[in-house]
Amino acid sequence: PAALLWFREDLRLADNPALDAALRSGAAVTALYVLDDETEGQRALGGASRWWLARSLRSLAKDCAAIGLPFAIRRGKAGIAVPHAARETGVGAVFWNRRYGAAEARADVAIRAELEGEGIAVEDFNGRLLHEPWDVKSRAGEPLRVFSPFWRAAMTRGEPRAPLPRPTSSRVSAGPALDGVDVESLALDPTKPDWAGGLRNAWEPGEAGARKALGAFLDSGLKGYAETRDRPDMSATSRMSPYLRFGEVSPHQLWHAVEAAAADGSARAGDVEKFRAELGWREFSYHLLQNFPDLASRNVQQRFDDFPWSAPTQGDVRAWRKGLTGYPIVDAGMRQLWTTGWLHNRVRMIVASFLIKDLLIDWREGEAWFWDTLVDADPANNAASWQWVAGTGADAAPYFRVFNPSLQGARHDPDGAYVRAFVPELTRVPAKWIHAPWAAPPGVLEAAGVSLGRDYPKRIVDHDAARSRALAAFGSLKTRT
Ligand code: FAD
């Protein structure tokens with residue numbers, strides 16, 4: 001018998017339950033990836049994600065070839081392409097790892113029905129999450145809306161399974177070849193302008209890249225993670241997010257890798273626990289997505305549907321996107337995002353708060369920009385995090401929590417090294433004023449060669465005034481509903 005392995009958001013060979021099961025079934029296996037921009041309701045990947053995907057697919061193709069697994073890439077509606085490929089190869093079964101978006105899950109139900117109707121079995125697995133989102137419940141059997149009880153409930157489900165081994169060629173019996181297209185023809189890369197230079201410098205997408213980045217983190221980042229993970233000026237977090245997004249690494253691999261690092265004494269239990277809790281936030285986002293399928297487009301708390309957002313002015317949105325707001329930590333963040341496709345978590349919170357609270361712009365505007373520019377743009381994490389900052393989500397920060405960008409900058413980037421890395425105009429501004437250059441005494445900026453309004457923008461809003469405006473807007477909402 002032959003089997004088809006359909007790769008989706010699991011672009012790896014190691015710890016891939018669907019691949020492992022297909023090989024264990026004894027079938028001759030053919031692998032397939034389908035670039036699907038057509039299925040209704042499925043959100044098309046953003047620009048940075050497409051850039052990542054191109055490299056990831058090339059890397060996967062190479063890895064499949066190395067173990068003798070035939071692999072084809074096709075383009076089109078999965079509901080047509082997958083059954084078609086199954087018929088063409090004459091397989092008796094299709095294997096895949098589950099997806100969690102509502103539209104994706106719907107498509108999978110339909111594809112399964114079609115295949116089973118033709119006598120082709122479907123076997124699906126969890127390759128993406130430590131726990132299925134529907135398995136974690138309150139004692140009363142309800143979904144959970146708050147992280148801490150969610151994570152406590154998840155932990156009672158026991159230790160996540162150990163990662164499955166990476167298959168070697170001796171385990172592979174090659175299935176029928178399938179025609180496919182080459183990655184180039186998918187036109188996933190930007191052309192004019194080519195904005196991906198910074199991404200190329202920053203990342204090595206693919207499973208091998210994930211292994212290297214994880215190794216570097218285990219060697220030097222995990223130790224002290226609990227204290228330093230909030231420091232954007234340090235290389236203190238794993239940068240595993242794009243690899244998790246595309247499934248080049250699994251959370252199970254990370255869960256167990258940090259344990260091993262702690263066992264040999266290179267990290268402390270507190271670091272391991274904290275890191276695992278961050279994986280827990282990712283699980284929680286998927287739990288929310290499961291229970292609020294419109295997480296990226298609708299306020300979880302419906303009372304916010306009446307919120308008096310400002311009509312976003314082109315100028316404000318543009319200044320935010322380009323990192324020209326006059327708030328150095330915000331600008332450094334938005335420039336890091338644009339040049340590298342990634343942004344430190346603390347700074348994500350600061351820039352999101354700035355857009356939503358200081359500019360009073362609807363969180364969906366920011367969510368969409370992140371979706372397009374992040375290499376880790378994730379349907380669950382991005383939407384859940386934006387709603388969390390906005391105060392509209394299930395487990396939201398209270399609306400009156402408004403980040404003060406200069407205080408946040410001074411706390412988390414105390415020497416200004418992070419700002420200097422992305423806002424070169426301010427390189428010579430002393431640390432004391434780098435997060436609030438407008439407040440510097442006369443002479444300080446001149447000595448640093450900076451004239452506000454000429455070399456670096458004046459603030460587009462006054463934070464204190466903006467904060468009062470935001471609180472008034474949120475206050476009006478409370479009395480109206
Ligand atoms: P590490 O600190 O090394 O953490 C390890 C992993 O845990 C991460 O890769 C990630 O999968 C998970 N994780 C860590 N922090 C969080 C968190 N706060 N919420 C959920 N999962 C977390 N994360 C995405 O993966 N994709 C997104 O599109 C995304 N959008 C965000 C938007 C906003 C406004 C905010 C505030 C956060 C967003 N995050 C998103 C969450 C978080 O910022 C990133 O996961 C994290 O910065 C990735 O860096 P890292 O891999 O070095 O994290």
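UniProt, in an unreviewed entry, places the feature "domain: Photolyase/cryptochrome alpha/beta" at residues 1-130; UniProt positions are given in the numbering used here, feature names are shortened, and annotations may be inferred rather than shown by experiment. The model is predicted, with local features requiring pLDDT of at least 70 and side-chain atom pairs counted only at pLDDT 80 or more, whereas totals for chains, interfaces and linings use all residues. Residues are numbered from 1 along each chain as its sequence is written.

The protein chain holds 21 helices and five strands, and its C-alpha trace spans about 80 × 50 × 50 Å along the principal axes. Of its 481 residues, 49% count as buried, a residue being buried if 20 or more other C-beta atoms lie within 10 Å of its own, exposed if 12 or fewer, and partly exposed in between, with C-beta atoms placed from the backbone.

The domain assignment of the protein chain gives domain 1 (2-127), domain 2 (129-162 + 206-291) and domain 3 (302-480), with bounds that come from an automatic or database assignment. The centres of domain 1 and domain 3, taken over C-alpha atoms, are separated by 39 Å. Eight residues of domain 1 are in contact with nine residues of domain 3, contact meaning that the C-beta atoms of two residues, placed from the backbone, lie within 7 Å. By class, the side of domain 1 that touches domain 3 has three nonpolar, four polar and one charged residues; Ala, Val, Leu, Ile, Met, Phe, Trp, Tyr, Cys and Pro count as nonpolar, Asp, Glu, Lys and Arg as charged, and the others, Gly among them, as polar.

Because domain 2 (129-162 + 206-291) and domain 3 (302-480) both give residues to the shell around the ligand, the ligand lies between them. Of the 27 residues around the ligand, Thr237, Ser238, Asn345, Asn382 and Ser385 come nearest, a residue being near a molecule or strand if its C-beta atom, placed from the backbone, lies within 6 Å of it. At least two residues of the shell are supplied by each of helix H9 (241-245), helix H11 (269-291), helix H14 (345-358) and helix H16 (381-390). The shell has 11 nonpolar, eight polar and eight charged residues.

The UniProt annotation "binding site", from an unreviewed entry, covers residues including Thr237, Ser238 and Met240. Serine 238 is found in the loop between helix H8 (225-228) and H9, and counts as buried because 24 C-beta neighbours lie inside 10 Å. When residues up to four places away in sequence are not counted, serine 238 touches Leu214, Phe217 and Gly221. Methionine 240, in the loop between H8 and H9, is buried with 23 other C-beta atoms within 10 Å, and with the same exclusion of residues up to four places away in sequence touches Ala213, Leu214, Val249 and Leu254.

In H16, 10 of the 10 residues are buried, so this helix is largely enclosed by the rest of the structure. The buried residues of H16 include Asn382 and Ser385, and what covers the buried residues of this helix includes H11, H14 and helix H15 (363-373). H16 is followed by glycine 391, whose phi is positive, near 85°.

How values were computed:
Helix = DSSP H or I, 4+ residues; strand = E, 2+ residues; numbered from the N terminus.
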